[in-house]
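Colleague: I would like to learn how to read side-chain contacts in a model such as this one. Could we go through them feature by feature?

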Amino acid sequence: MTGESKDSLTKTFKYSFPTCTNEEIFFKLEVPVEIPYDGSARELVQRVINMFHIPVYLEDELNEKLAYFISEETKDFHNKRDEKLLNQFKNSEINVDAVVKNWEKLFKENVLEFAEQKGTSDEEVFAAAYHKLVHSPALDTILQVENSYAKTVMNMLKNRDEDIKKLTEKQTEEMEDKMRLLNAGTTEEEINELAAKHFEEQSLAAGRWDSQLDALKHTQRATHRAWLMTTLEQYQGETELSTPSNSPLATFPVDQPPLGAPKPRLEESFTIHLGSQLKQTHNIRLVAADMLDLCAVNHDNGAAARLQPALALYSGELTGVVVLAEAREARAARSPLVALAAASADHHFLDAARQLRRASEQLSLRPLRPGDVLLTRHGNLDAHVVFHLVVDDSLKSGDITSRHPAILGLRNILKAACCNDVTSISIPLLLRHEITEEMTAAWCVRRAELVLKCVKGFVLEAAGGGGAELRTLHAVLPPSSPSLFAALQALVPSVFRVSGPLRARTRPSPSAP
């Protein structure tokens, strides 16, 4: 007996067993089972045994036969159903579009029911608002406001340094007076107590100034964000934005003209081609400069100094910088770059110290090792992304190879840059931020050649993985002599295929005398 429905059918499981008194007499058992069966076969056997008073010694046999019956009938059901569907598909009896739409509907309903309900975050809304405003006539006002905010923070930092300097000078005089009286009535305990008092005064002063700076930056960030969102709301629905009239610039002095021309530095640019068949064109800029100078925004040059970083902040053309840091500096979030980023409020991301501490907490299960990379994002520097490459003293040796952890870390950085819209990046060419005595000209040329050859391969590898194209590579050399710069300048064409002008030679005409 068989009953059928659209998605299942009912099959009858038959089982017979002899009586205890006469083996020639059989009891016949028929149980309807829905195929496919979603329940437990063993549970069904227990229900059958209890309902029909079947001897317990038959339980194992009944379990085995029922499980086999369900398995075979389910397999047969699926085979017949699939064969029928295939025949309908071959005969164009199935509306494939309707099937796809139904699956799409079911998938969306499933996602809406079980997926996490998450809308657009405040950060995403602010990013979209900022990007729209900086590409409008409001740009100049925004840049001037941000520059004024930065100068306010810098003035407070200057006052902090002067206050702590005066306190240090005062404490130094007190300690010197006590030391002069060491053998004339002053005891060592009194000197130790004075030193402890001085330490406490320094800690209180530093804490007081840090609290004031944090409060100032927090106020600036909140005020600036609120003003930007209000400005956007005023122009909502307009195709073009005009210069905002509710600018907070009234509370700031007008920018003064630049104090002077920037310091001259050695630099040279090259256009290179990578690849054999499908050639890639990149720019290499060799520059002798402090890496931090490439990250810093010169606020003395007014709002124009913040123009390019602001325009590209929420775009697919980000600027990155690689800085070297020892493990203890990176984990403790203490480095010259962290101090540089703290010189102004970041209205877009967490401050650099907090970002580094969060990244270190995620790696708390193991210590930082050479080659590890920590990443921070910045809205108040010339660089949008900073890759903190962990290094150790082994880089002081001139015998490193392409398998050195720092080189492998550089490979991971370039790969991450291409995958995350970083199209311009600055790397320390010598994997050092300063020139020391042991770094002779020959040492520097060997190190630069190794780095450039590895970078050449890494750029080709990263480009093959998709993502953004790394258009500009800044090879940064610590400030050095013109002779060393010239030697490294001549090295670039020997490592890369540099494009140059085509010089044609004219041949004399056959009729010429």
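Modeller: Let us begin with Tyr 130, which at 1% relative accessibility counts as buried, where buried means under 20% relative accessible area, exposed over 50% and partly exposed in between, with a 1.4 Å probe and protein chains only. This is a predicted model, in which local features need pLDDT of at least 70 and side-chain atom pairs count only at pLDDT 80 or more, while totals for chains, interfaces and linings use all residues. Residues are numbered from 1 along each chain as its sequence is written, and side-chain values use heavy atoms, with hydrogens and water left out.

Colleague: How many aromatic pairs does the structure hold?

Modeller: A pair of aromatic rings is described by the distance of the centres and the angle of the planes. Rings of Phe, Tyr and Trp (its six-membered ring) pair if their centres lie within 6.5 Å, and planes under 30 degrees apart count as stacked, over 60 as edge-to-face and the rest as tilted. The structure holds five such pairs. In one of them, Phe 13 and Tyr 15 are stacked, at 6.5 Å centre to centre with 10 degrees between the planes, and both residues are buried.

Colleague: Why is the pair of Tyr 130 and Tyr 314 edge-to-face?

Modeller: The pair is edge-to-face because the planes stand at 70 degrees, with the ring centres 5.9 Å apart. Tyr 130 lies in helix H4 (residues 122-134) and Tyr 314 in the loop between helix H8 (307-312) and strand E6 (318-326), so the pair ties together parts that are 184 residues apart in sequence; helices (H or I, at least four residues) and strands (E, at least two) are DSSP runs, numbered from the N terminus. Tyr 314, at 24% relative accessibility, counts as partly exposed.

Colleague: How many salt bridges are there?

Modeller: Side chains of opposite charge can pair when their charged atoms come close. With a salt bridge taken as a side-chain nitrogen of Lys or Arg within 4 Å of a carboxyl oxygen of Asp or Glu, the count comes to 22. Among them is the bridge between Glu 461 and Arg 411, whose closest N and O atoms are 2.5 Å apart. Glu 461 belongs to helix H13 (residues 441-464) and Arg 411 to helix H12 (residues 405-419), so this pair ties together parts that are 50 residues apart in sequence.

Colleague: Which residues are linked with Arg 432 in a network of salt bridges?

Modeller: Glu 434 and Glu 438 are linked with Arg 432 in that network. Arg 432 counts as buried at 7% relative accessibility, whereas Glu 438 is partly exposed at 39%.
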